[in-house]
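Trainee: Can we go through this one together? I'd like to begin with the charged side chains.

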Amino acid sequence: MSTLTIEGWCKTGSEQKSTPLEDIHFHLNGDDHLHLEQAEEYLQRTHEREVMVDVDAATLGLTLPTGYGPLSDCRMRVYLDSNERGQFHLVGHQASDGRLIYTNAVLIDQLI
């Protein structure tokens, strides 16, 4: 299992700039890691721009900064960088007002 602490961001509308949040904490289990690797391989084969990967909220152990959450949805956005290496970040919408909450990106091959 990988435990991650990543800087988060909040965006209220498509025309507004993102606001930095404190760190967002979550855990990825072996199945999550496998799904991220499969998504990376899929993008390398198909040359699509990105793919969204569902995660199990029950095992994610998501902890948002004070004043944020819970999320109405939570997925991992996977995309390839310029070197064809897979990156992902957590993406979700705050249940109370629909604000977009997301994290900085992490290289999939850096997960343990």
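Trainee: How many salt bridges does a search of the whole structure find?

Mentor: The search finds 3, a salt bridge being a side-chain nitrogen of Lys or Arg within 4 Å of a carboxyl oxygen of Asp or Glu. Keep in mind that this is a predicted model, where local features need pLDDT of at least 70 and side-chain atom pairs count only at pLDDT 80 or more, while totals for chains, interfaces and linings use all residues. Residues are numbered from 1 along each chain as its sequence is written, and side-chain values use heavy atoms, with hydrogens and water left out.

Trainee: Which residue forms a salt bridge with glutamate 50?

Mentor: Arginine 77 does, with the closest N and O atoms 2.8 Å apart. Glutamate 50 is in strand S3 (residues 50–54) and arginine 77 in strand S4 (residues 71–80), so the pair links distant parts of the chain, 27 residues apart. Strands here are DSSP runs of E, at least two residues, and helices are runs of H or I, at least four, numbered from the N terminus.

Trainee: Is arginine 77 buried or exposed?

Mentor: Arginine 77 counts as buried because its relative accessibility is 19%. Buried means under 20% relative accessible area, exposed over 50%, and partly exposed in between, with a 1.4 Å probe and protein chains only. Glutamate 50, at 33%, counts as partly exposed.

Trainee: What does arginine 85 pair with?

Mentor: Aspartate 109, at 3.0 Å between the closest N and O atoms. Arginine 85 sits in the loop between S4 and S5, and aspartate 109 in the segment after strand S7 (106–107), so the pair ties together parts 24 residues apart in sequence. The side chains of aspartate 97 and arginine 99 also meet in a salt bridge, 2.7 Å from N to O.

Trainee: Where is aspartate 32, then?

Mentor: In helix H1 (residues 30–46). Aspartate 32 is buried yet has no salt bridge. The nearest side chain of opposite charge, arginine 75, is 13 Å away.

Trainee: What does aspartate 32 touch?

Mentor: Not counting residues up to four places away in sequence, aspartate 32 touches His27, Val55, Asp56 and Thr59. Contact means heavy atoms within 4.5 Å.

Trainee: Change of topic. What pattern does the protein chain follow along the sequence?

Mentor: The order is β-β-α-β-α-β-β-β-β, with 2 helices and 7 strands.

Trainee: And glutamine 94, buried or exposed?

Mentor: Glutamine 94 counts as buried, at 3% relative accessibility. Glutamine 94 lies in strand S5 (residues 86–94). Leaving aside neighbours within four places in sequence, its contacts include Tyr68, Leu71 and Ile101.

Terms used:
Lys and Arg count as positive and Asp and Glu as negative; His and the chain ends are not counted.
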